[in-house]
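Subject: Handing over the structure

Hello,

Here is the structure I promised to pass on to you.

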Amino acid sequence: MPNLRYASQPAQLNSSKDIYILGIESSCDDTSAAVIKNDKILSNIIAGQDVHKFYGGVVPELASRAHQRQIVPVVDTALKKAGITPEQLRGIAYTQGPGLLGSLLVGSSFAKAMGMALNIPLFPIHHMRAHVLAHFIADEGMRKPPFPFLCLTVSGGHTQLLQVSDTQTFHILGETTDDAAGEAFDKAARLLNLPYPGGPHIDRLAAKGNPHKFSFTKPKVPGLNFSFSGLKTGFRNFVMNSQQKNPDFISENLNDLCASLQNTILEMLMEQLKNAAKQTGIGHIALAGGVSANSGLRAMLEKEAVASGWETYIPPLSYCTDNGAMIAIAGYLALIAGDTGTQADAARARWNISSTK
Ligand code: KG4
Ligand code: ZN
């Protein structure tokens, strides 16, 4: 049994004073730290990890080591840029999971040690919830969605349709039964010899291509779920067969291949989003996660909003992919909800978004 003498202090909400919270994100291959003052971001430092590009995907061992090298300078820079001292912090939020265990251990251990040294509360945060809660950051130009709202949450590891009832209550309406949407982008990109992560490269090249040049079979999936593994296989078979007939097939058709593949993925996402809106009667629709940076998805959502009378909430690009700011706002909202962690909390590689703890 861990020594709970070091359970973190209960959070106290004194409305007359500004609340500074440090947010630490280390679930995958970005080391990030942010400082929030109430719901306003003062700093958001993100250090990527170039080392993975030589391997065409994230190598967990290398990610943990890079986090360990980067975490102190990243947190130090975030505090300095925010213009505050560690003693001014009212709490530390960190990603407890889901994610790569070794990566999570670096961020969570650092947060716990710093929390103990400063004797302030800890806020263990669910990474995918934080992607959604980034919508509650009070940056200029951002609007907070009213409850309940629907959120299409699309990242490298997750693809879910969520009904969000309040800042702590998430209900999964549908999710992928195999690969995530971001994985579909990344694996297709690898086949096309594009660097990792492939999503942004496909997005850029797709803008110059014809989305209807090639067509790929979409799977039939029950309910509001998704499936991308059949598309991945169909795309690979098509590209390999075409290459056998013409060795230059990829280079001669790169833009059209990217545009057609992207269009198929986005149509699959939009179809289920429309079904979810129809079934729930909810017209406030948000996007979250790395794939929400996709320019085609953002445009498709805006177009559908006009057709269906939706109010849409699209995060700024800086809050789409992994960042500490989303962890900091989730920490602030947890403090308001009175949801504090303890030193006994452990990193969680897997964690259902709808479970309470
Ligand atoms: O949320 P995120 O940064 O990390 C996870 O929690 O997984 O998402 C990363 C994913 C990668 O699969 C990446 O290729 C994808 O988001 N992504 C994009 C774009 N930017 C990032 N996919 C499509 N278009 C983009 N512009
Ligand atoms: Zn993420």
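A residue is near a molecule or strand here if one of its heavy atoms lies within 4 Å of it. With that cut-off, 18 residues surround ligand 1, and the closest are Gly156, Asp186, Asp203, Gly290 and Asn294.

Before the rest, a word on conventions. This is a predicted model, in which local features need pLDDT of at least 70 and side-chain atom pairs count only at pLDDT 80 or more, while totals for chains, interfaces and linings use all residues. Residues are numbered from 1 along each chain as its sequence is written, chains are lettered from A and ligands numbered from 1 in the order in which they are written, and side-chain values use heavy atoms, with hydrogens and water left out.

**Ligand 1**

By class, the shell around ligand 1 has five nonpolar, ten polar and three charged residues. For that count, Ala, Val, Leu, Ile, Met, Phe, Trp, Tyr, Cys and Pro are nonpolar, Asp, Glu, Lys and Arg are charged, and the others, Gly among them, are polar.

Backbone atoms take part too. An oxygen atom of ligand 1 is 2.9 Å from a polar backbone atom of glycine 156, one is 3.0 Å from a polar backbone atom of aspartate 322, and one lies 3.1 Å from a backbone N or O atom of glycine 199. A polar contact is a pair of N or O atoms within 3.5 Å; within protein, one must be able to donate a hydrogen and the other to accept it, and residues adjacent in sequence count only if both atoms are side-chain atoms.

Ligand 1 exposes 550 Å² when taken alone, and the protein buries 89% of that (areas by the Shrake-Rupley method with a 1.4 Å probe; for residues, only the protein chains shown count as cover). Helix 3 (127–133), helix 4 (181–191) and helix 5 (199–206) are the elements that give two or more residues to the shell around ligand 1. Helices (H or I, at least four residues) and strands (E, at least two) are DSSP runs, numbered from the N terminus.

Aspartate 203 is found in helix 5. At 12% relative accessibility, aspartate 203 counts as buried, where buried means under 20% relative accessible area, exposed over 50% and partly exposed in between (1.4 Å probe, protein chains only). Beyond its neighbours within four places in sequence, aspartate 203 is in contact (heavy atoms within 4.5 Å) with Gln262, Ala293, Asn294, Ser295 and Gly296.

Alanine 130 is in helix 3 and is buried, with a relative accessible area of 0%. Leaving aside neighbours within four places in sequence, alanine 130 is in contact with Ile125, Met326, Ile327 and Ala330.

Histidine 52 sits in the loop between strand 3 (40–47) and helix 1 (60–82). Histidine 52 is buried as well, at 1% relative accessible area. With neighbours within four places in sequence set aside, its contacts are Asp29, Gly57, Val58, Val59, Leu62 and Ala63.

**Backbone details**

The peptide bond from glycine 97 to proline 98 is cis, with omega near -10°, and proline 98 is found in the loop between strand 4 (91–97) and helix 2 (101–118). The bond from phenylalanine 147 to proline 148 is cis, with omega near -5°; proline 148 lies in the loop between helix 3 and strand 6 (149–154).

Asparagine 38, in the loop between strand 2 (31–37) and strand 3, has a positive phi of about 55° although it is not a glycine. The side chain of asparagine 38 makes a polar contact with the side chain of aspartate 18 (2.8 Å).

Best wishes
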